[in-house]
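Here are my notes on the model you sent over.

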Amino acid sequence: MPALHLQRYIRDERLLPLADKVLHGERLTFEDGLLLYESPDLSGIGAMAHHSRLQRHGRKTYYVQSRRLSYTNICHTHCQFCAFQAKPGDPRAYALSAEDALRELSKPENAKVQELHMTSGHNPKLRIEYFEDLFRKIKAAFPKIHLKVFTMVEMDYYARVSGISVEAFLDRCVAAGLESCPGGGAEIFDPEIREKICIGKKDADTWLRVAELCHSKGVPTNCTMLYGHIEEARHRVDHLLKLRALQDRTGGFLAYIPLAYQIEDNELGKTYEILETTGVQDLREIAVARLLLDNIPHIKAYWVMITEGLAQIAQNYGANDLDGTIIEEEIAHQAGAKTPQHLTKAHLERLIREAGFEPVERDNLYHTMA
Ligand code: V47
């Protein structure tokens, strides 16, 4: 879309000054963010986001051959939105040994996996020695697999349980093979909402402080926001601007992923009347992220939570990454996600190509695969 024509796509006149800012590379404000959530002109907002996306990435859309593996579902925190957690004694409760993980990774469907993405519960029995052993054994057996492990709150928790500082915990994990961290656990930073959806979980400052520590050590991380539950637009804008402010200081976030709340089999969905997110909400989250997070290079459309069809369309609303083949997603599926638990590389490429974009296979650090 030629830049000069951007305004033609906008029907809500209140958005015109924002389009001007986008065209001139000027930063959007908190109030601009509120307007992006309030305006009914989704296609106008999408046009602005698409303009930014084209400027940064052209028609390239990235994906990775990835594998999810949760080392434990035992969790002592109490996140009301989570259907994955199990309390000790629950027949579903498990903790993988390093040998279990190796056995799983040896299966033929994992032969092309580039990225191992591990997030799990807060299990008080697991200490630093468990993670060092796990990471060393995985890297010894599968040296090409990139280890992307721990949300910021998991890292804080396991450092405390191990009786060492987060910095010492991180240093030892990196020495054992940890290479980057996923973006989960951020939920919504606003303390009042946090108190209602994840009572007792570490606060925003902890999440941001641990992310800053990772970045200062050269460990890149992703970032997320859980939307579509009891939060309001002002909470979402506040959350996104906190991520943007940290990125200004560190530059360590690789990608942002909006996580659409999945409503089944969790307390939050039973306590409040919450409806599934809609296509308009999901596309708006992608577009708002592209526009407000002007310093985070990659915006992912997480097909697992928003469906493959919408992820395809999201490429026209600011998304430049479709995440990956995934293999065995659990967290969203236990909360009712109806999408497949994995996609083939061929299918992902088709989703990208059919929408008019160029599929680019990447590794975890966005190096292009030959
Ligand atoms: O930390 C839990 C969230 C996260 C639900 O970094 C839920 O590349 C929706 O972090 N509905 C795990 N969300 C997923 C995650 C992620 C996903 C994709 C890519 C990346 C990345 C990271 O999912 C959890 C929590 O924030 N979550 N329960 C639910 N019912």
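The points below go from the overall fold to single residues.

1. Ground rules. This is a predicted model, so to speak: local features need pLDDT of at least 70, side-chain atom pairs count only at pLDDT 80 or more, and totals for chains, interfaces and linings use all residues. Residues are numbered from 1 along each chain as its sequence is written, and side-chain values use heavy atoms, with hydrogens and water left out.

2. Overall build. The protein has 16 helices and 9 strands (DSSP runs numbered from the N terminus, H or I of at least four residues for helices, E of at least two for strands). Along the principal axes, the C-alpha trace spans about 60 × 45 × 40 Å.

3. Of the 370 residues, 61% count as buried (under 20% relative accessible area; exposed is over 50%, partly exposed in between, with a 1.4 Å probe and protein chains only). The accessible surface comes to about 15000 Å², and carbon and sulfur atoms own 53% of that (Shrake-Rupley method, 1.4 Å probe; for residues, only the protein chains shown count as cover). Take contacts between residues at least 6 apart in sequence: 76% of them join residues at least 24 apart (contact means heavy atoms within 4.5 Å).

4. The three-stranded sheet. Strands S5, S6 and S7 form an open sheet in that order, with parallel pairing (two strands pair if DSSP finds at least two bridges between them). S5 (221-227) and S7 (298-299) are the edge strands, each pairing on one side only. Between S6 (residues 253-260) and S7 there are 2 bridges, and Ala 255 stands opposite His 298 in S7. Helix H10 (residues 233-250) lies across S5 and S6, at about 170° to S5 (axes are lines fitted to C-alpha atoms, for helices over the stretch in contact, with angles from 0 to 180 degrees between N-to-C directions).

5. Strand S1 and its partners. S1 (residues 60-64) is mostly covered, with 4 of its 5 residues buried. S1 pairs in the parallel sense with S9 (residues 358-361) over 4 bridges, where Lys 60 stands opposite Glu 358. S1 also runs parallel to S8, joined by 2 bridges; here Tyr 62 has Asp 321 as its bridge partner.

6. Helix H5. What packs around this one? H5 (residues 128-141) has 14 residues and reaches 20 Å from first C-alpha to last, close to the 20 Å expected (1.5 Å times one less than the number of residues). Its buried residues include Tyr 130, Phe 131, Leu 134 and Phe 135, and also Glu 132 and Lys 139. Among the elements covering them are helices H4 (98-105), H6 (152-162) and H7 (166-176), plus strands S3 (115-118) and S4 (146-149).

7. Two backbone spots to look at. Most residues other than glycine have a negative phi. Asp 323, in strand S8 (residues 321-324), has a positive phi near 60°, and counts as buried at 3% relative accessibility. Ile 326, in the loop between S8 and helix H15 (331-334), has a positive phi of about 70° and is buried, with a relative accessible area of 0%.
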